[in-house]
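Have the sequence and the structure open as you read.

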Amino acid sequence: MPHEFSQRLKALPPYLFKELDRIRDEVKSRGVDVIDLGVGDPDRPTPAHIIEALAKAAADKANHQYPVYSGMNEFRKVVAKWYLSRHKVQLEPETQVCSLIGSKEGIAQFPLAFVNPGDTVLVPEPGYPVYRSGALFSGGQSVFMPLLEKNGFLPDLKAIDEETLKKAKILWVNYPNNPTGAPASQQFYADLVTLAKKWNIIICSDAAYSECTYLDKPHPSILETPGAMEVAVEFHSLSKTYNMTGWRIGWAAGNETLIKGLGLVKSNVDSGVFQAVQLAGMAALEGPQDSVASMGQLYRERRELLTKGLITAGLKVFETPYTFYLWAHVPEGFSSADFASKLLNQAGVVATPGNGFGPSGEGYVRFALVQEAPRLKEAADRIASLKF
Ligand SMILES: *Cc1c(COP(=O)(O)O)cnc(C)c1O
């Protein structure tokens, strides 16, 4: 007898990259030189001093046993110090910070701590698919908040009806935003905190791309907002900042009860982050930050290069100093999927159709700037030579 997947698995939307992967492999097998700008995974290596810290820590047998599930005190202290220097936010390391096996892990598990069946989770779209699957796994119902260009890709908080707000347990935001690259303002975060207090909603802020910029001034953290510590938790990651996607380390920081709930779930599911990786993470956060600045410049150059090609091809792009994504309008007469498929078939360029991130992504494609400049130039030239 075949084993049947659970209702919750069956309720998941189809995997975003699956169909695209299939066509990509088919195009590749025809011998086409494919330039993959699909998945958001940095192409450059982790900075050497972080790798050295890992090698040293891995050789120390003190790090070979189960870690503390909520994270080494030292790691959490370093995170608290980072918030103080970067955002002037004071955190109690032991109660207001929790280490994560990559922020995706925390994002997926957090709803298990606070959502009951029938509760609502407000999810931005287009957006990172994990907000929705986490809500689903917790038995909650996700309600989409459309992110529209005319609103700077911020959710229109006034458009959420009272019934939904009454039932809402969690509201997710993600700035700088994947897939659009849009930032949030301090005013937006202040409005969000006011809303959260009025309706007793938890604000979950995913700040994975906060350091992914060439600007000197940090993108605001929601925890800077007066009152945020009562209602908010911020998810952070070393993945994009230090090219450490494979290492699996991040953190959650914010309200004590929210951190405690997440920690309780985690203590029943995982056993924390390998201590050597936490020590390497500390080396990343405390060591020289010149790699972060040069990453910002690198993505700036790449963005300019590809933007030029797309504009020559007649496409309109959303300009931003943040993230390593380029969010572009598809030409008149195309759907996102048609255009992504044309790019792949006729230019050998992989981009992600915007509707894969949610219905409001229709009409856009996302390019991840994760190839070296000459390859991006080649992609831009090929796209520019297409006729629409
Ligand atoms: C990449 C990404 C993450 C998390 O990555 P981890 O490697 O799990 O820390 C979280 N949110 C968004 C929007 C991302 O794009």
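**Strands, sheet and helices**

Strand β5 (residues 168-174) and strand β6 (residues 202-206) run parallel and pair over five bridges; two strands pair if DSSP finds at least two bridges between them. Strands (E, at least two residues) and helices (H or I, at least four) are DSSP runs, numbered from the N terminus. This is a predicted model, where local features need pLDDT of at least 70, side-chain atom pairs count only at pLDDT 80 or more, and totals for chains, interfaces and linings use all residues. Residues are numbered from 1 along each chain as its sequence is written, and side-chain values use heavy atoms, leaving out hydrogens and water.

**The sheet**

- Isoleucine 170 stands opposite isoleucine 202 in β6.
- Seven strands form an open sheet with mixed pairing, in the order β2-β8-β7-β6-β5-β3-β4.
- At its edges, β2 (97-100) and β4 (141-146) each pair on one side only.

**Helices on the sheet**

- Helix α9 (residues 186-199) packs on the sheet and touches β5 and β6, where contact means heavy atoms within 4.5 Å.
- Helix α6 (residues 103-114) lies across β2, β5, β6, β7 (232-237) and β8 (250-254).

**A helix pair**

- Helix α3 (residues 48-58) and helix α12 (residues 275-286) pack at about 150°, with axes 8 Å apart; axes are lines fitted to C-alpha atoms, for helices over the stretch in contact, and angles run from 0 to 180 degrees between N-to-C directions.
- That makes α3 roughly antiparallel to α12 (over 145 degrees).
- Among the residues making this contact are His49 and Leu54 of α3 and Val277 and Leu279 of α12.

Notes: Angles under 35 degrees count as roughly parallel, over 145 as roughly antiparallel, 65 to 115 as roughly perpendicular and the rest as oblique.
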